[in-house]
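Biologist: Could you walk me through this one slowly, as I am still new to reading structures?

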Amino acid sequence: MIQSPAPWSQQQPAGLPSLKGVIFASVVGSVLVLAATVLFALLPGALSEAADFRAARPCSEASAPENGDCLSEWPATVVSTETGRSNKAVTNWVTVDLSPEESSFRIRMRGDGPVWRELAPGDRVTVFTWRDLVWQVGSGELRQDTTQAPDREPAVRLAVGLALLIVGSVFLRGAGWLHRRRAVRATDTPTAQVVVVMAATLLAAAGAAGAATVTDTVWLALLIAAAGCAAVWAATALLLRALARQRTA
């Protein structure tokens with residue numbers, strides 16, 4: 001007697017979305033959205049500090065230089081320079097003295113710049129500070145940032161966070177779409193539909209990343225990104241409907 005194969009051993013119809021694909025899309029989407037959430041939680045303070053730094057004026061022009069928000073300059077004397085190595089990372093340090101009455105302190109320079117290469121013990125330099133942070137060291141006409149200088153890194157993190165949020169949301173939406181197609185055992189997935197959605201996702205992510213370069217305010221960047229996404233997805237929906245009508249015509 002020939003036994004029929006068990007239901008779970010039968011092959012699924014060709015073109016039917018696999019359960020592994022649904023799980024993969026769900027996991028990837030969840031990880032990307034979680035990563036974006038962590039970035040957003042760490043951003044507000046860093047973005048505010050970067051904006052305050054760019055708006056700071058020299059203390060000679062500030063009305064209240066004692067508040068520490070202005071840019072100060074202090075003459076200093078180089079005590080020593082050194083290079084530290086940890087695995088493959090190289091760090092350059094310079095130790096300076098502001099005055100005989102104060103203790104010397106170390107400054108970690110950003111990269112192997114022109115100032116650090118030229119420094120020697122006894123050289124006179126200018127230390128630039130903001131909010132008790134040494135953000136730059138000058139020697140003559142040369143300037144070099146330190147690792148404490150506020151920069152565009154927060155804006156880059158905001159751009160990455162917005163892009164991760166959009167791509168992760170699309171993965172989660174795709175997982176739900178694949179699950180519904182498995183439930184109704186739909187096997188026809190037009191290639192054009194997938195290509196349009198992928199292109200729309202890239203366009204929306206690029207627009208959101210561009211919003212991060214326009215403003216340092218998280219909520220405003222989110223608003224601009226949301227408006228861009230709404231426009232992109234509205235155009236995508238219209239295009240997909242047009243493609244669907246062409247297939248059924």
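This is a predicted model: local features need pLDDT of at least 70, side-chain atom pairs count only at pLDDT 80 or more; totals for chains, interfaces and linings use all residues.

Biologist: Okay, how many disulfides does a search of the whole structure find?

Modeller: The search turns up 1 disulfide, and the partners are Cys 59 and Cys 70, whose sulfur atoms lie 2.0 Å apart. These two cysteines are 11 residues apart, and both sit in the loop between α1, which covers residues 19–55, and β1, which covers residues 72–86.

Biologist: And is that link right-handed or left-handed?

Modeller: The link of Cys 59 and Cys 70 is right-handed, with 80 degrees about the S-S bond.

Biologist: Are those two cysteines buried or exposed?

Modeller: Cys 59 and Cys 70 are both buried. Another cysteine, Cys 229, has a relative accessible area of 13%, so this residue is buried, because the word is used for values under 20%.

Biologist: Switching to rings, how many aromatic pairs does the structure hold?

Modeller: There are 3 aromatic pairs in the structure. One of them joins Phe 53 and Trp 130, with ring centres 5.3 Å apart and planes at 70 degrees, so this pair is edge-to-face.

Biologist: Why does that pair tie together parts that are apart in sequence?

Modeller: Phe 53 belongs to helix α1 while Trp 130 belongs to strand β4, residues 124–130, so the pair ties together parts of the sequence that are 77 residues apart.

Biologist: What about Ala 205, where is its place?

Modeller: Ala 205 is found in helix α4, which runs over residues 191–212, and with a relative accessibility of 11% this alanine counts as buried.

Biologist: Which residues does Ala 205 touch, not counting those up to four places away in sequence?

Modeller: Leaving out those sequence neighbours, Ala 205 touches Ala 163, Ile 166 and Val 167. For Ala 163, the C-alpha to C-alpha distance from Ala 205 is 4.6 Å, although the two alanines are 42 residues apart in sequence.

Biologist: Last topic, which residues form a nonpolar patch on the surface?

Modeller: That patch is made by Ile 23, Val 27 and Val 31, which together have about 260 Å² of accessible area.

Methods. Residues are numbered from 1 along each chain as its sequence is written. Side-chain values use heavy atoms; hydrogens and water are left out. A disulfide is a pair of cysteine sulfur atoms within 2.5 Å. Helices (H or I, at least four residues) and strands (E, at least two) are DSSP runs, numbered from the N terminus. Buried means under 20% relative accessible area, exposed over 50%, partly exposed in between (1.4 Å probe, protein chains only). Contact means heavy atoms within 4.5 Å. Patches are made of residues with over 30% relative accessible area and no salt bridge: like charges are joined within 9 Å, nonpolar side chains (Val, Leu, Ile, Met, Phe, Trp, Tyr) within 5 Å. Accessible areas come from the Shrake-Rupley method with a 1.4 Å probe; for residues, only the protein chains shown count as cover. A salt bridge is a side-chain nitrogen of Lys or Arg within 4 Å of a carboxyl oxygen of Asp or Glu. Rings of Phe, Tyr and Trp (its six-membered ring) pair if their centres lie within 6.5 Å; planes under 30 degrees apart count as stacked, over 60 as edge-to-face and the rest as tilted.
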